[in-house]
Amino acid sequence: MLDVLNQYWPLLLVGQYPNGPLGGLAMTLILALCGLLLSLPLALGIALARVSPYDWVRRASKTLVVVVRGMPLLMLIFWAYFVVPKITGEAISGFWTLICALVVYESAYLSEVIRAGIEAVPHGQVEASRSLGVGYWTTMRKVVLPQALFNVLPSMTSQFVSTIKETSLGYVISVNELTFAANQVNNLVLTKPLQVFGILAIVYFLVCFSLSRGLGWLDLRIRRARAMA
């Protein structure tokens with residue numbers, strides 16, 4: 001295992017960069033970060049729609065969330081792969097295909113996380129704000145959302161860790177992420193699949209475990225700082 005890692009670690013880490021396209025672990029982290037950041041505004045909009053005072057808006061947003069959460073990510077990737085080019089009229093790369101699928105998928109899950117945070121804010125605070133003549137949207141923006149987003153921060157960071165693992169499905173459309181790079185190494189070595197995919201499993205574990213501990217530590221620091229403020 002060590003000899004495989006010693007020989008092919010650059011391919012697993014950054015793909016063929018700088019002599020070719022970026023890939024490997026670096027591409028996995030980029031995909032996860034872009035997917036989460038781009039899905040966050042959409043998830044926030046869906047969450048606000050889920051608690052909207054208008055019944056038809058709540059029903060439409062709930063239907064969207066239920067449908068997306070009821071579909072496997074792999075199916076969304078295939079849909080993005082075949083549908084997005086028809087909508088745009090242009091071929092798009094595997095990178096952007098996977099980003100589109102991740103944004104739709106993560107926005108549905110993150111919206112439920114944010115909605116739970118919104119509903120956890122005591123209703124008396126909303127009533128107090130409205131009794132002072134503050135409008136609905138101003139109340140949501142200045143009273144409810146700051147508390148809700150802070151309360152669901154641990155869940156949102158956990159979703160980022162899950163997204164890192166979900167990027168491995170980009171392998172099926174030849175996105176040069178970590179799993180694809182490991183398969184390239186396996187094709188080069190041929191006789192050591194257990195070692196190659198053992199390294200892959202260890203890398204995923206170390207990355208996800210480190211991020212979980214690091215984000216947990218950051219959340220604790222933020223909460224302590226807020227408590228002392």
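**Helices, surface and rings**

Guide: Helix H8 covers residues 153-166, which is 14 residues, and its first and last C-alpha lie 20 Å apart, close to the 20 Å expected at 1.5 Å a residue. The expected span is 1.5 Å times one less than the number of residues. This is a predicted model: local features need pLDDT of at least 70, side-chain atom pairs count only at pLDDT 80 or more, and totals for chains, interfaces and linings use all residues. Residues are numbered from 1 along each chain as its sequence is written, and side-chain values use heavy atoms, without hydrogens and water.

Visitor: Which residues in H8 are buried?
Guide: Buried means under 20% relative accessible area, exposed over 50%, and partly exposed in between (1.4 Å probe, protein chains only). In H8 the buried residues are Met-156, Thr-157, Gln-159, Phe-160, Val-161, Thr-163, Ile-164 and Glu-166.

Visitor: How many helices and strands are in the protein chain?
Guide: Helices (H or I, at least four residues) and strands (E, at least two) are DSSP runs, numbered from the N terminus. The protein chain has ten helices and zero strands.

Visitor: Which residues make the nonpolar surface patch of about 540 Å²?
Guide: A patch takes residues with over 30% relative accessible area and no salt bridge, nonpolar side chains (Val, Leu, Ile, Met, Phe, Trp, Tyr) being joined within 5 Å and like charges within 9 Å. A salt bridge puts a side-chain nitrogen of Lys or Arg within 4 Å of a carboxyl oxygen of Asp or Glu. Areas come from the Shrake-Rupley method with a 1.4 Å probe; for residues, only the protein chains shown count as cover. The patch is made by Leu-74, Phe-78, Tyr-81, Phe-82, Tyr-171 and Val-172.

Visitor: Is Tyr-81 buried or partly exposed?
Guide: Tyr-81 lies in helix H4, residues 73-88. Because its relative accessibility is 40%, Tyr-81 counts as partly exposed.

Visitor: What is the angle between the planes of Tyr-105 and Tyr-109?
Guide: Rings of Phe, Tyr and Trp (its six-membered ring) pair if their centres lie within 6.5 Å; planes under 30 degrees apart are stacked, over 60 edge-to-face, the rest tilted. The structure holds five aromatic pairs. Tyr-105 and Tyr-109 form a tilted one, 4.9 Å centre to centre, with the planes at 45°.

Visitor: Why are Tyr-105 and Tyr-109 separated by about one helical turn?
Guide: Tyr-105 is buried at 12% relative accessibility, and Tyr-109 is partly exposed at 22%. Both are in helix H5 (residues 94-120), and the separation is about one helical turn because they are four residues apart.
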